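Hi,

Here is the structure I promised to pass on. My notes on the rings and the cores follow below it.

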Amino acid sequence: MNPGGARIRIDIPGQTLTLLGDPDGPGTDAGAGAEVARYRISSAAAGVGEINGSYRTPRGRHLIRAKIGGGAPLGSVFVARRLSGEIFTTKMREAAPQRDWILTRILWLSGCQPGFNRLGTVDSMRRYIYIHGAPDDVEMGRPGSRGCIRMRNRDVADLFERVAVGTPVDIHG
């Protein structure tokens with residue numbers, strides 16, 4: 001189930017997310033597997049790992065199980081995958097300085113490898129592992145999240161429009 005044939009490759013050591021295109025994808029002149037876009041990211045501060053509660057970024061084959069937040073303004077705040085009706089401000093950060101803010105869009109990931117990143121204590125979807133937007137002052141290019149893949153708000157909105165539910169996501173660590 002990969003409508004359009006696009007793929008995402010996340011390189012944890014390089015802190016990048018690369019969208020690989022297909023020759024028939026919307027707005028894509030690239031050949032199959034050619035780089036369409038590359039973005040700086042921030043993965044888990046605790047490193048890579050698959051165990052529930054580890055606050056680590058899971059590795060391996062995943063797919064986008066759900067896209068949440070289409071059309072929401074940049075900086076929109078999500079709580080439990082629902083729009084809160086708020087737009088992120090620095091005052092919000094001051095009120096909750098330790099919070100790992102989930103903003104703009106959510107691409108919810110599901111693992112594809114039973115026993116490694118799917119089912120039991122290693123299930124990426126049950127761990128609520130997302131690709132999501134972050135405050136604009138969050139440093140990209142270095143680990144800092146609590147397990148998810150963080151992106152600039154404009155970047156995650158751009159990526160959101162280029163991918164479909166079912167798009168494969170390979171996380172290499």
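**Rings and cores**

Lysine 67 lies over the face of phenylalanine 160, 4.4 Å from the ring centre. On that ring there is also the charged end of arginine 105, at 5.5 Å from the centre. (A charge sits over a ring if Lys NZ or Arg CZ is within 6 Å of the ring centre and within 35 degrees of the ring normal.)

Bear in mind that this is a predicted model, with pLDDT of at least 70 needed for local features and 80 or more for side-chain atom pairs, while totals for chains, interfaces and linings use all residues. Numbering runs from 1 along each chain as its sequence is written, and side-chain values use heavy atoms, leaving out hydrogens and water.

The whole structure has three aromatic pairs (Phe, Tyr or Trp rings, the six-membered one for Trp, with centres within 6.5 Å; planes under 30 degrees apart are stacked, over 60 edge-to-face, the rest tilted). Tryptophan 108 and tyrosine 130 have ring centres 6.0 Å apart and planes at 85 degrees, so they pair edge-to-face. Ring pairs join Trp108, Tyr128 and Tyr130 into a cluster. Tryptophan 108 is buried at 15% relative accessible area, and tyrosine 130 is buried at 3% (buried means under 20%, exposed over 50%, partly exposed in between; 1.4 Å probe, protein chains only).

The largest nonpolar core has 22 residues, and Ile8, Ile10, Leu17, Ile131, Met151 and Leu159 touch the most other members (a core is buried Ala, Val, Leu, Ile, Met, Phe, Trp, Tyr and Cys joined through side-chain atoms within 4.5 Å).

Cheers
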